[in-house]
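Dear colleague,

Please find the structure below, handed over for your records. My findings follow directly after it.

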Amino acid sequence: MVLKLYSAPEARAGHGVVALVLAEKQIPFELVLIDQSAKQHKTPEYLGKQPWGQVPYIDDDGFVLYESRAIARYLAEKYADQGTPLLPPPSDLQKKALFEQAASIEFANFHPLAFKLILEKVVKMMNGQPVDEVAVAGYIAELSSNLKIYDEILGKQKYVAGDELTLADLFHLSYAPSLAPFGIDVMTTAGLNVTRWWNDLLSRSAWVELQAQGIRGTSP
Amino acid sequence: MVLKLVGAPVSTCTRRVATVLVEKKVPFEFIPIDMSKGEHKAASFVSNQPFGQVPYIDDDGFILYESRAIGRYLCDKYPDQGAKLVPALNDVKGRALFEQAASNEYQNFDPLAYRACFEMIFKKRRGLTPDPAVFEQLITALAAKLEAYEIILGKQKYLAGDEITLADLFHIPYATTLALAGTDIMSKQGPNVTRWYKELSERPSWVAVKDGVQSMSSY
């Protein structure tokens with residue numbers, strides 16, 4: 001049975017990254033739309049599958065999985081031999097460890113700040129609420145400081161885990177692409193290497209197509 | 001050459017790594033860093049850990065940082081030694097459920113637990129004033145997250161299934177520090193979380209390191 005993705009349709013946040021991995025790995029899937037404004041992610045039926053009431057989750061022929069990074073890893077492992085390679089070979093312990101290091105840096109030193117900027121600036125602007133610009137400036141300063149370290153790392157290697165693209169790079173796409181359209185240009189002002197890496201990710205054809213079309217299931 | 005763990009003796013992340021070293025029975029030399037003297041920002045430290053954060057390991061010249069990455073590396077390198085803490089490589093679904101639980105730890109538990117501990121403990125150490133109202137808000141938010149833990153742990157013994165994994169162990173440092181911060185939330189949420197938390201906090205590998213990491217030459 002074809003994999004089902006229970007998700008919002010916009011190609012952003014965790015569900016955007018899952019959709020990107022599905023595209024990169026050429027995995028057929030059916031999109032089951034979840035309307036968060038109608039609280040469809042909080043129904044008892046939904047909570048029975050995803051107890052946190054968060055999107056997305058997948059149902060792979062009866063195997064239910066949530067947490068976008070866990071779903072991405074599962075897809076990249078299950079379909080290791082098809083589409084874009086997104087994980088280091090499991091037999092290479094050190095490459096694998098450096099991938100895990102990069103994945104951990106993303107959720108420890110990048111994601112919390114990118115996410116706070118989305119909540120404080122992007123979401124509030126979209127809802128017409130007042131923005132705490134002092135807080136925003138603080139988050140930008142901290143993110144910029146971390147990105148300077150990224151710049152050193154990316155001066156020595158092409159991607160965050162080494163010279164090959166991995167999921168650790170793609171995980172950065174969950175929130176940060178929404179910053180520049182709202183006037184936060186930290187991803188392209190922290191350093192030349194970060195800028196090169198960031199533009200590389202944003203210009204991946206699978207990502208470009210997702211941004212243009214939104215998340216769509218593949219035809220049967 | 002014996003593995004070196006470079007960190008601060010009671011740092012949460014350093015103890016997170018030390019717990020896994022003990023679980024996997026890996027001998028290590030502990031090299032303490034005095035953060036109050038800024039040793040984690042010194043050039044010699046930053047050349048190995050560019051974010052200036054503790055800990056990192058030097059495994060016979062292989063440098064690795066981020067405590068959860070180190071824990072995973074140790075489990076991959078020593079699969080047949082000590083406790084089994086991750087599903088086998090060929091168990092794709094088992095590993096996916098482990099990753100789901102590991103993701104819950106850093107998405108749904110750590111941010112709130114860390115900020116609660118920061119508010120009541122770490123702020124004081126930096127000469128700042130704790131705000132009990134902020135702390136209460138964080139604990140209330142954490143309690144809401146723990147409701148899902150209560151449901152999950154009612155169906156299975158641990159977060160990834162019926163066997164303990166790194167995903168459970170990664171919770172221990174901040175979960176136990178919450179008590180020092182002034183909340184007994186981990187023992188009040190419900191019978192399942194209470195049972196799970198009690199077992200983790202009494203785990204011998206944690207007990208061995210909780211009061212300060214020291215070198216271990218044999219097990």
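**Strand 1 of chain A and other findings**

In chain A, K4(A) faces D59(A), which belongs to strand 3. Strand 1 (residues 3–7) and strand 3 (residues 57–60) of chain A are antiparallel partners joined by three bridges; strands pair if DSSP finds at least two bridges between them. Helices (H or I, at least four residues) and strands (E, at least two) are DSSP runs, numbered from the N terminus.

This is a predicted model, in which local features need pLDDT of at least 70 and side-chain atom pairs count only at pLDDT 80 or more, while totals for chains, interfaces and linings use all residues. Residues are numbered from 1 along each chain as its sequence is written, chains are lettered from A and ligands numbered from 1 in the order in which they are written, and side-chain values use heavy atoms, leaving out hydrogens and water.

K4(A) also stands opposite E30(A) in strand 2 of chain A. Strand 1 and strand 2 (residues 29–33) of chain A run parallel, with five bridges between them. Four of the five residues in strand 1 of chain A are buried (under 20% relative accessible area; exposed is over 50%, partly exposed in between; 1.4 Å probe, protein chains only).

In chain B, R72(B) is part of helix 3 (residues 67–77) and is buried at 10% relative accessible area.

No disulfides (cysteine sulfur pairs within 2.5 Å) occur in any chain. The sulfur of C13(B) lies 11 Å from its closest cysteine sulfur, that of C117(B), which is too far for a bond.

With kind regards
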